[in-house]
Amino acid sequence: MKKTLALILAACMSLSLVACGGGGSGSGSAPNSGSQGGGASQSADQSGGGEGKTVGIAMPTQSLERWNRDGDYLDKQFQAAGYKTIVTYSDDKSEQQVNDIQNMLAQGVDLLVIAAIDGNSLNTVMNDAGAAGIPVIAYDRLIMNDNVSYYVSFDNFTVGVLQGTYVKDALDLDNAAGPFNIEFTAGDPADNNAPFFYNGAISILQPYIDNGKLNVVSGQTAFDVVGTAGWKTENALNRAQNVLASFYADGTKLDAWLCSNDSTSLGVAQAITSDYAGGNPVIITGQDGDVANLRNIKDGVQSMTVYKAVANEAVVTLDLAKAILDGKTADASLISASGWSFECAYDTDSYETTPGHKCPSFLLVPDVVTADNMEEKLVTPGYYKVGADGYLEATNG
Ligand code: BGC
């Protein structure tokens, strides 16, 4: 199934844009039965109803694992609800994403679901969508334009809080004598989520930096300095190698490296494995539960990841899209009416598309995954299965 999907996606990409979704059957079959992993909750309304409507789904890239999962879940769930879908991945190139979305508008989509590459670079095409009356759901990453109708994501600040709290507890910062040495790696400055993650982590750890219990040996804490362009593993690796060479080559002990997500965590872990002179295990955080990182967690190379059930993010997106397209109220009542088996908050305060312009948001709840609870959190609900080698692999593999 994954191969088939990959082929379809490859075909779509090579044509830049193709209507990938058959949809239209209105079968209402459970979107997550079979290959999609049993863990996802289902849309509240399984009756289909999307006949004749087309939804454009613009994902950033296939090179980071999670967006393949997102695109896959969204595509399958919208189709199962009877919608036609157009799915694009834009190779992490913002201009390409603009073109892809413009093509979707030209093809007459009824609604757009967009995970932006750069939340500040979609103004023209968002204005076009607004002028055409096409609703836009900013998916996972906010777009800084007031034509965005709704935002569906996880509580991004809490992701960072969970990472910071993990470090705080693992080092027992309230009781241990310390001081402990720490470094930071944040996400892509073009991604509106990245400062939320970083600020969430810093909100927990700053008091310990201030009281001297935590020491940032490099002195590098400014978001712009610790950020990672494109969230790329390679960029995180390069900076980590530089930091290790400049500040730790003399045998200085490194206790923890707070990384905002798994792709950056992979680079930092690689640098520590190859370039860190000390022999102690270093606490490393992450986010997403990517397969390579789950391996690292099992092997003790990475300490934790913040898991976000993107299958549920897709369910919220679908039910919200249905409400919008059916002209129904889309506010907190959507949650009470939904019957979702997971938590989600309706938040009209935390996110702004432009200063002062609040964006109504549906925010799901992230969770901490470690070696100890990996099977309970990821295998039991059906998101992953244990492979023959004992490591977790995707259930749609
Ligand atoms: C997502 C994270 C992801 C990162 C890189 C963020 O916007 O929320 O889950 O790790 O992008 O893809």
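**Around the ligand**

Let's start at R66. An N or O atom in the side chain of R66 sits 2.8 Å from an oxygen atom of the ligand. Keep in mind that this is a predicted model.

Next, W67. The side chain of W67 has an N or O atom 2.9 Å from a ligand oxygen atom. Then D140. Here a polar side-chain atom lies 2.6 Å from an oxygen atom of the ligand.

How much of the ligand's accessible area does the protein cover? The ligand on its own has 310 Å² of accessible area, and the protein covers 99% of that. As for the space the ligand takes, it is the largest cavity. Which elements give two or more residues to the shell around the ligand? They are helix 2 (65-80) and helix 6 (193-210).

Now the shell itself. There are 13 residues around the ligand. D140, R141, D191, N261 and D288 come nearest.

Some background first. Most peptide bonds are trans, and most residues other than glycine have a negative phi.

Now look at G178 and P179. The peptide bond joining them is cis, with omega about -10 degrees. P179 lies in the loop between helix 5 (156-170) and strand 6 (180-185).

Last stop, D91. This residue is not a glycine, yet its phi is positive, near 55 degrees. D91 is in the loop between strand 2 (84-89) and helix 3 (94-106).

That's the tour. Thank you.

How values were computed:
Residues are numbered from 1 along each chain as its sequence is written. This is a predicted model: local features need pLDDT of at least 70, side-chain atom pairs count only at pLDDT 80 or more; totals for chains, interfaces and linings use all residues. Side-chain values use heavy atoms; hydrogens and water are left out. A residue is near a molecule or strand if one of its heavy atoms lies within 4 Å of it. A polar contact is a pair of N or O atoms within 3.5 Å; within protein, one must be able to donate a hydrogen and the other to accept it, and residues adjacent in sequence count only if both atoms are side-chain atoms. Accessible areas come from the Shrake-Rupley method with a 1.4 Å probe; for residues, only the protein chains shown count as cover. On a 1 Å grid over the protein atoms alone, a cavity is a set of points where a 1.4 Å probe fits but cannot get out, and a pocket is an open set with protein on both sides within 12 Å along at least five of seven lines; lining residues have an atom within 4 Å of a point. A molecule sits in a cavity or pocket if more than half of its atoms lie within 2 Å of its grid points. Helices (H or I, at least four residues) and strands (E, at least two) are DSSP runs, numbered from the N terminus.
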